[in-house]
Amino acid sequence: MPEIELRGITKRFGKVTAAENINLKIRDGEYVTVLGPSGCGKTTLVKILSGIWEPTEGDCFIDGRKVTGIPTYERDLGYIFQNIALFPHMTVWQNANYAPIVKDWDREEADKVTTESLELVKSLRRKGFKPFELSGGEKQKVGIARALCAGSKLLILDEPLSALDARVRLELRYEIKRLVKERGLTAIHVTHDQEEAMSTSDRIVLMRAGRIVEVETPENLYNRPKNLFTANFIGEANFIEGSILQCGTGEIAECKTGPLSECGSDECIMETRHKHRLVIKNPAGQFKVGHGVVVMVRPENLSISHDEKEHSLEGRITDKIFMGSFIRYRVGLVTDDTVLVEVPEADDKIFNIGEKVNVKFRPKKLLVYPQPMEGLKEVLSLE
Amino acid sequence: MPEIRIEKLRKAFGGLVAVDSLDLQVRDGEYLTILGPTGAGKTTLLRLIAGLEEQTSGSIFIDGKCVNSLPPEDRKVTFLSQTYSLFPHMDAWQNTIFGPTARGWDPEKVEIIGREMLEMVHLYERKDALPNELSGGMQQRNALARALCADAKILLLDEPLRALDARLRLDLRYELKKLVKDMGMTAIHVTHDQEEALTISDRIIMLRSGKVIQSGPPQEIFNKPESPFIHHFIGEANFIEGTITGKGERGARLTGQSGRTYDVAPTELKVGTKAVAGIKTEFTIVGKEPRDGVNDFPGTVQRKLFLGRFTDYDLILDNGHNVHARLPSSVAHKFDEGDRVNVHMDPERLLVFPVPGKGLAKELEMM
């Protein structure tokens, strides 16, 4: 029953801090992804958990047992990394069958597990091949099968699919998840691919610059990100900066972008760059007049039109991209912000580059954050 | 006027034919993407144009001039590989001006062009940094600046964004295209990422087994794929095998192997012919109630995968057919695993193809 806990983990390499004060609990049977831009410390984290590196400070616990100082091979975990080295002189079958044989399992059981694992990665038909006869993707699949055969209850996957083709990656990630769930394993999967993380995980640990930014379900990370970095890193996001002009009902000061709808009691009016205005929600009364704020809105939650004035900002279309089932417009707004707007391809109104349009910001589709002290650009930066 | 014309180009490595008597024309200023699965011959084609491989037969013309026997440096092309190959001991500035300096250009001119290019890729502030001090995205931009400094008008890009973080890739895609267009260059960009191809290209050529199987603007490749393989490669499609059993003015009718009938898009195929019909997962609509009785099928949700903007569904229809659907997440939250639903397939989106020579399964294989 592998349950994982990291307590106060810090790792320093000379002056560089790769991980700083990481606290994390992973439940038994959970599929957790560690996601973040390159250099964020995600690989450091799993190398420490697996015992390849020792932490500078802090401890790891597996099933309540402190494993700090215990070597990797005594931690009973399977480790799958980006480029698995297969034994070059052994066939696919022998490679996969290696751990069960070494562990002296019952022969029948060993063969059954090996067959199952190779079948899972669709490599059984190549069981007689040697590694040099396989493509990169095939080698990786055999590597995954070999790790699965070892029978550990804790699986660490360090960018297991990065070296593979898009399609193969897609297939394999579903299969790995299915297998983990079916066998009741606990999996910690490191990736820089947000879609991979979204589609496989029960929860995602989002990291940046050696720290954990947020630990959440994929839905919450996408729909209700707790901070601006998350919003930008998971999916596409538009940001508009401004400050609160008015809270609640009351007389609305003259407005540059045409008539605003009444500002409700749980709403605020925000002033953007060049003195344009947007209505935002303020249910908890979190924002007060004068506060600096940043509005985040997903491209699919904006709409464009020629005549819709309410909750809208004017702009000009600078780019139009066909994306299959939807069209992505890039619009330069009067506020000097550039936003992406995505509308279904089937929508009858097609707008052209250079056209003047109104972009509608429905208050309930906007997420509002306090203006970060270090500046928006700094907060969104991937490093 | 850097226009590229390729005639009957063929490249064989021993018995393996990587590029198979391929014809292609690239217009001046065009942003062309070569899209296809691994092993389709994409990179080989690019290397042939660059002069890094020698063709077995056929010809390549640049600006109307045959370059078959010209070495890479005389082809007015610049090749940007996946790995960037920056000189590790040189800083961003030295890497950028390497070409012009080596060619013995006037130092003043080198200074100007080097600065211009680094500024264009937003890297001038980091000009003193060594490659290992730069992030992947910055290295990529550095390599791009170096490539642009070479003053070639044709840019050959081999999966230039592959090694980058997903987030960075989205931003750089846009910048890359803008740069190429602003500088009036012609670009040939190899990728296996269909979304990248849709976003960045003026035109896409689909390559498979060394041959061009379709060429056209992104919208055309997406909406009017010429084979089930392309239909499935750009996006993803659900397929039904059957026989054409009726034809009308606005479409045709296909009877599946189970005996069920489907209204499908217009086709040239005659009544009685065996055919394959396919619809993209984005247009496979999941709802609570039947739409209008045409192509409405009851089924059950088997698996739901949240991807952010979209949610993917695996469904099993009551007729035993497995289908996939990709819905905007804003509507997808209404359905859960185990729910009874209706699956609707818009006849116009249910495209008809002749049965592929080696069968449908073989046709859809990625290799």
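The following conversation concerns the contact between chains A and B of a predicted model, and two residues of chain B.

Visitor: How many residues of chain A are in contact with chain B?
Guide: In this predicted model, 26 residues of chain A are in contact with 27 residues of chain B.

Visitor: Which elements of chain A supply that side?
Guide: At least two residues each come from helix H5 (166-182), helix H6 (194-200), helix H7 (218-223) and strand E16 (312-322) of chain A.

Visitor: And which gives the most?
Guide: That is H6(A), with four residues on the side of chain A that touches chain B.

Visitor: What is that side like by class?
Guide: The side of chain A that touches chain B has eleven nonpolar residues, eight charged residues and seven polar residues.

Visitor: Turning to the backbone, what is the phi of Lys8(B)?
Guide: Lys8(B) is not a glycine, yet its phi is positive, at about 45 degrees. Most residues other than glycine have a negative phi.

Visitor: Where is Lys8(B) placed?
Guide: Lys8(B) lies in strand E1 (residues 4-13) of chain B.

Visitor: Is Lys8(B) buried or exposed?
Guide: Lys8(B) is exposed, because 12 other C-beta atoms lie within 10 Å, and a residue counts as exposed at 12 or fewer.

Visitor: What about the phi of Asp63(B)?
Guide: Asp63(B), which is not a glycine either, has a positive phi of about 55 degrees.

Visitor: Where is Asp63(B) found?
Guide: Asp63(B) sits in the loop of chain B between strand E4 (57-62) and strand E5 (65-66).

Visitor: How many other C-beta atoms lie within 10 Å of Asp63(B)?
Guide: There are 14, so Asp63(B) is classed as partly exposed.

Methods
Residues numbered from 1 in each chain as written. Chains lettered and ligands numbered in written order. Predicted model: local features only at pLDDT ≥ 70, side-chain atom pairs only at ≥ 80, totals over all residues. Contact = placed C-beta atoms within 7 Å. Nonpolar A, V, L, I, M, F, W, Y, C, P; charged D, E, K, R; others polar. Buried ≥ 20, exposed ≤ 12 C-beta atoms within 10 Å, placed from the backbone.
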